[in-house]
Amino acid sequence: MTRILLLGGTTEASTLAKALAEAGMDAVFSYAGRTAKPVSQPLPTRIGGFGGAEGLAAYLKTESITHVVDATHPFAAQMSTNAVQACAAAGVPLCAFERPAWQAGEGDHWLHVDSIDAAVDALPDTPARVFLAIGKQNLTQFAAKPQHHYLLRLVDEPDAPLPLMHTTVEIARGPFDVAGDSALMQRHGITHVVAKNAGGAGAAAKLTAARTLGLPVIMIGRPDVPARPIKGSVAEVMAWLSHSAA
């Protein structure tokens, strides 16, 4: 009997959760627990880590999981790596539900870098006003350039002092639109945008807004994760589940 663990946290995961629920499939939705009020799901939901690859492998066996779908954020490299290792250890089929990376288009001024540290290095030495659109997990590195004023957009209010000297925080949950992001950047006098190449439509508005305003974007490339089958749509994931179960 098929029993699915859906590793979520993205819009794609929520869309897939709805499809699984509508199909009457036995599935569990897992959140990492980094958001205080995660979006409710139409599936039984667990929140929190597993205790590394070994803990996840034990969970798969204890809960009789037959399939795992990794629909976590493209930058959740540790979780994705743990999933690959745990599924291999437990003998459970795994696929990733992953959105395509963003691609620069005509009129974009992107500087591609391969890490957070490289993004810090790419910022100017003279004071700038930076829209730091990377969430709250990797802020410490930017303290190396305290001359800048950083605009952060977070889902939750920070629960501890931020490591950046000059910071403005906007609390908002996407998806966002171009008009709103353009107004946000103009209101705060933004001169540079730093973004992770997460892909997807929900967070792409800031890139269109940056293009319209002629702002440079420092684009951080996705981290490497072990090879695994990748599906690009709900239909492909559902077909994979049906084929694997058969």
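Helices (H or I, at least four residues) and strands (E, at least two) are DSSP runs, numbered from the N terminus. This is a predicted model, in which local features need pLDDT of at least 70 and side-chain atom pairs count only at pLDDT 80 or more, while totals for chains, interfaces and linings use all residues. Residues are numbered from 1 along each chain as its sequence is written, and side-chain values use heavy atoms, with hydrogens and water left out.

**Overall size.** Stay with the whole chain. Along the principal axes, the C-alpha atoms fill a box of roughly 60 × 35 × 30 Å.

Next, select the strands β3, β2, β1, β4, β5 and β12. In that order, these six strands form an open sheet with parallel pairing; two strands pair if DSSP finds at least two bridges between them. The edge strands, each pairing on one side only, are β3 (45–47) and β12 (230–231).

Zoom in on residues 4–7, which are β1, and residues 27–31, which are β2: this parallel pair has four bridges. Which residue in β2 is the bridge partner of Ile4? The partner is Ala27.

Select residues 11–22, helix α1. Helix α1 lies across β1, β2, β4 (67–70) and β5 (94–97), at about 155° to β1. Then select residues 52–62, helix α2, which lies across β1, β2, β3 and β4 at about 145° to β1. Axes are lines fitted to C-alpha atoms, for helices over the stretch in contact (heavy atoms within 4.5 Å). Angles run from 0 to 180 degrees between N-to-C directions.

**Two cysteines.** A disulfide is a covalent bond between the sulfur atoms of two cysteines. The search counts a pair of cysteine sulfur atoms within 2.5 Å, and finds zero disulfides in the whole structure. Select Cys87: its nearest cysteine sulfur, that of Cys95, is 9.8 Å away. Are these residues buried or exposed? Cys87 is buried, with a relative accessible area of 4%, and Cys95 is also buried, at 0%. Buried means under 20% relative accessible area, exposed over 50%, and partly exposed in between (1.4 Å probe, protein chains only).
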